[in-house]
Structure formats: C-alpha cells, structure tokens
Amino acid sequence: MDTPSILRYRTAIRRLGHSRPVALAQAQGLIAPDFSFFDYGCGFGEDIQLLRDSGIQAEGWDPHYRSETPLSTADCVNLGYVLNVIEDVREREQTLQAAFDLARRVLVVSVRVDQSLNSGTEFSDGLVTNSGSFQKIYTQAEFRQYLQTILGRKPYMASLGIAYVFKDESVESAHLARLSITPLKRERADLFAQFAADPDGQELVETTRKLGRSPLPSEFDRYPALLERFGSRSRIDRLVLGLLNPQTLAEARDAKRNDILTYFAMLQLRGVRPPPIRLLPPETQADIKLLWPSYKSAIEEGQQFLFKLGKPELIRESCLSTPVGKRLPADFYLHRSAEESLPALLRVLIFAARQIVGEVDYNILKFAMDGRKLSFLKYRDFDEEAHPELLHSVRVFLPSASYVIRDYSSSENPPILHRKESFVDPLYEHYTTFVELTRQEESRGLLSRPDIGFKAEWLRLLAETHLHIVGHQLRDQSLDVVLPSQI
C-alpha cells in the first residue's frame, strides 16, 4: 500500500478569538503579562497576535506558516492540536518532548478527543481525511496516559482534550490555589472554553468579526443550535464578546489579593490568630508568596483591611464599583449567584453578618450603602415568577450584632421584585428572559409608577391597564396576545 501524501498545514484554521486551550489557560492565569508565551505549531498565529495586543510577550513557530521564527524557551508553551496531525508515531513523541523542553513553567497541550470522523482512510494509528490531512483521535484516558508515558509527569487535565504539564510542584501548587479561590470564575472559564471549541460558536465569532456587529437571525442560521447548548441569545452575545476581549491578569490578581485579605479579615472577626504559614494549605501559601513580600506583610494588610468596614465611604464605593447588582440611593441589591463578583470588603460584610445569624436561606442580598446593615432576602421562585414575592427577610445590624426576622409568607400584600435582570450577572441563564419582560413593561409605562413595590398595588395597576402576565410575557387581557416591546 502506497504511503499517502499528508498535508498537515491544511488543519490550520482562521480564528477571530483565542483557541480553546489558550483562552482557558489565560483565564486561569497560566498566560499573563508577567510570563512569556511560545506557540509551538501556531498555524496562522492568531493566538500570538491577540496575546501581544493584550500586552503579553508572545512568539510562535509553525513548520509551514512561520518556519523562519526560531524555537525559543518561554514560561508557557502551547502545543495546540498538533499531536493529532502528526502521522509518524516517533515524530509525534519527539514533538511533544521538544515542546515540553521549551517550557520553563508549564506546557499547555491539547488534542481532539472522544470524537469520530465521518470519513477517511485508515493510516498509522489514525485516519487520512478527505482534505489530505491526518487525524489521530484520542480518548481522554488515552491522552492522559500518553502524556505521562512520554514526559514522565502526571498531567493536570484541565478540560476534555486539554492538559497542563508543569515543570515543578511549586508551579502546579500555585495553579491549584488559583482554581480553589474563585470557583465561579473557573466555571466561566470553562464556559468560554466550551463556546470557543464549538464549531457553531466559532462560526458566530467569525461572522460577528466580518459584520462588525452581532448578526441578525437571517444572517446566521445556527442560532437555534447554539441556544440549545448555551442558553439565551444574550448569553451567547456576551460569550462572543468575551472571546474577543479576554480578561486581563490584573483582574485575576486583584481577585486573588481580595480573597487573601478576606481570609485574614475572617480570622480576625472570629478572634483567631493567623496560624504559622507552614500550617496553611499549600495553595494558600503559594498565593501569599506570589502577592506579598512576606507572610507578615500579608497579615498586616489583612488587619488594616478589616478597619475599612468602619468607613461608610469605602463601603459605598465598593457597592458602586461592583459590576453586577441593583443600586438605590441607600441600598445595593445582588442575587446570590453573583456573590463571587463582589469586592472583598462586601464579602467580609457577608461573613460578619453570618457570624451573627449563621447560615440562612436567601437568594437576594441587600447591603446598606453605609455598611451598617445587611439583609438576607428570600423570594419565592425567583427564576419562575415574573415578580417574585418576598417570603422572609433577615436584617442584620452589624454595629450592635443584632438582627430582625420578618416573615411575609402569609401576607396578602408582600413586597415584590421588578427588573430582575438588574440583580444577576448577564451570563445568568434566564437573563435575556428577564430583560425582555422589563422592556415590555417599560414600553407600557408600568415601571414609572412609585407604588408598584407591593403585590396588591402592582396587580391593581395591571387590572387598570387591562394587562396580565403569563410566564414572563406581558399580555392584553381582552386579546390574550403577547404585547411586543416598543423600546
């Protein structure tokens, strides 16, 4: 049997945003302005240019498209979907080892896993595709074992088909610490990575780039498929925007610093002395060494940070700076799902309140702008009800360490919520549904009245205007048709 001519370069694809492994590694802090980056087998080099645009020292080499660039060491080396396309088993092993040798801190390596090819000719341990390229499809377990066998190190499996191979345990410990600090951000990173790897998602990003705006449904017929996999149209639009504008390292470092400051403040609120650093979890030790010149300086800053709780102007500033939430002149509201987005000072306030009342059932937090009060509010069926009723509230008075519980569960006229989208993150599953209802209500002038904060007054207004709400749709009572937004 004749050996087929393998056209490896045909597997390179054009991208508007980062490739999936690079997007994930950057979101998790492995690619950052403080670290150099080298893309081994970079194809057209979009990842390199996007990283350079964000201030990261990035270079890359490709045997077909950037063969003139010399190979060089870097803190982070990416071997993105290269092993799949090398048909020679020995060359594949040599390529993996060569990429790992270039990495000073970590190798990010990715392959196609657990997928099937529609057509192709069997060759070596894979298939030659109809385009003349070679593809080796791995299982996740096979991929993990392959890396460990060739490199002699246990890989960290970051996602399906994406692994990190660290050069030493200290670097890996620091990475695990980052993941343990902000689980919500890790979930978002996975969501962005999943969208970046989705063929329809990639097509939407490319279409958005060409048009310079989000395409209309008539311009992009794959919206229904994306809606099934990723939820609302608003979430999809924000995922596209996020891939075009990845997070910066400064934001990640600020989040870590806030977590450590919160930790020391919590210790002090509990009356517990900070333990010797050797007794802290290795992840926490790594964070402290990364962000402070010494353990003593970290403790001192944490103690100073706690004093900010007594400064109303700093509490107000934190409330106003939070990217999510509803702000009124004297109060700030936030859905529980967005708690991780709060500045450290507000998270310490929550912890302080829980020291007084313990864990309570709630879905909305209410902060007094002066920091003296915090309420845990429980609304009935927040996602399902268009205007949920308040079931109970636990208001904590922090200076006096006292609290008041109010039960509205049997009230005939409980407080209700409007503009639910203002309480949640734009990536919240039902965000678009909430927004559309608010638009419909605003277009009919329903939200301009000052007396709609309670159920009875709200129902009276709907009756006066011959309207009612089914699900999250505003309808005319006489016609029972959905009223379109006029905004």
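These are my notebook entries on one predicted model.

**Ground rules.** I'm working from a predicted model, where local features need pLDDT of at least 70 and side-chain atom pairs count only at pLDDT 80 or more, while totals for chains, interfaces and linings use all residues. Numbering starts from 1 along each chain as its sequence is written, and side-chain values use heavy atoms, with hydrogens and water left out.

**Overall.** I counted 16 helices and 17 strands (DSSP runs numbered from the N terminus: helices are H or I with at least four residues, strands E with at least two). Of the 487 residues, 49% are buried (buried is under 20% relative accessible area, exposed over 50%, partly exposed in between, with a 1.4 Å probe and protein chains only). I then looked at contacts, meaning heavy atoms within 4.5 Å. Among those with a separation of 6 or more, 60% are between residues 24 or more positions apart. The exposed surface comes to about 23,700 Å², with 49% of it from carbon and sulfur atoms (Shrake-Rupley method, 1.4 Å probe; for residues, only the protein chains shown count as cover).

**The six-stranded sheet.** I traced an open antiparallel sheet in the order E10-E11-E12-E13-E14-E15 (two strands pair if DSSP finds at least two bridges between them). E10 (326-327) and E15 (402-407) are the edge strands with a single partner strand each, so one side of each has no neighbour in the sheet. I followed E15 to its partner E14 (residues 390-397): six bridges, antiparallel. Ser-393 has Arg-406 in E15 as its bridge partner.

**The hairpin.** Next I went to E16 (residues 467-470) and E17 (residues 473-476), which are antiparallel and joined by four bridges. Leu-467 bridges to Asp-476 in E17. Two residues separate the strands of this hairpin, and Gly-471 in the turn has a positive phi of about 65°.

**Helix H8.** Which residues of H8 (residues 223-230) are buried? I get Tyr-223, Leu-226 and Phe-230. Down the axis of H8 the buried residues fall within an arc of 65°, so they line one face of the helix (the arc is that of the directions from the helix axis to the C-beta atoms). Pro-224 and Glu-228 are exposed, on the face turned away from the buried side.

**Rings.** I found 13 aromatic pairs (rings of Phe, Tyr and Trp, the last by its six-membered ring, with centres within 6.5 Å; planes under 30 degrees apart are stacked, over 60 edge-to-face, the rest tilted). Tyr-428 and Phe-434 make a tilted pair, at 6.2 Å centre to centre with 35° between the planes. Both Tyr-428 and Phe-434 are buried. Elsewhere, ring pairs link Tyr-138, Phe-143 and Tyr-146 into a cluster.

**Charges over rings.** My criterion here is NZ of Lys or CZ of Arg within 6 Å of the ring centre and within 35 degrees of the ring normal. Arg-105 lies over the face of Phe-35, 4.2 Å from the ring centre. Arg-257 has its charged end over the ring of Trp-292, at 4.6 Å from the centre.

**Arg-273.** Is Arg-273 buried or exposed? Arg-273 counts as exposed because its relative accessibility is 75%. I placed Arg-273 in the loop between H10 (249-269) and H11 (282-291). Ile-299 is 26 residues away from Arg-273 in sequence, and the two are 9.9 Å apart C-alpha to C-alpha.
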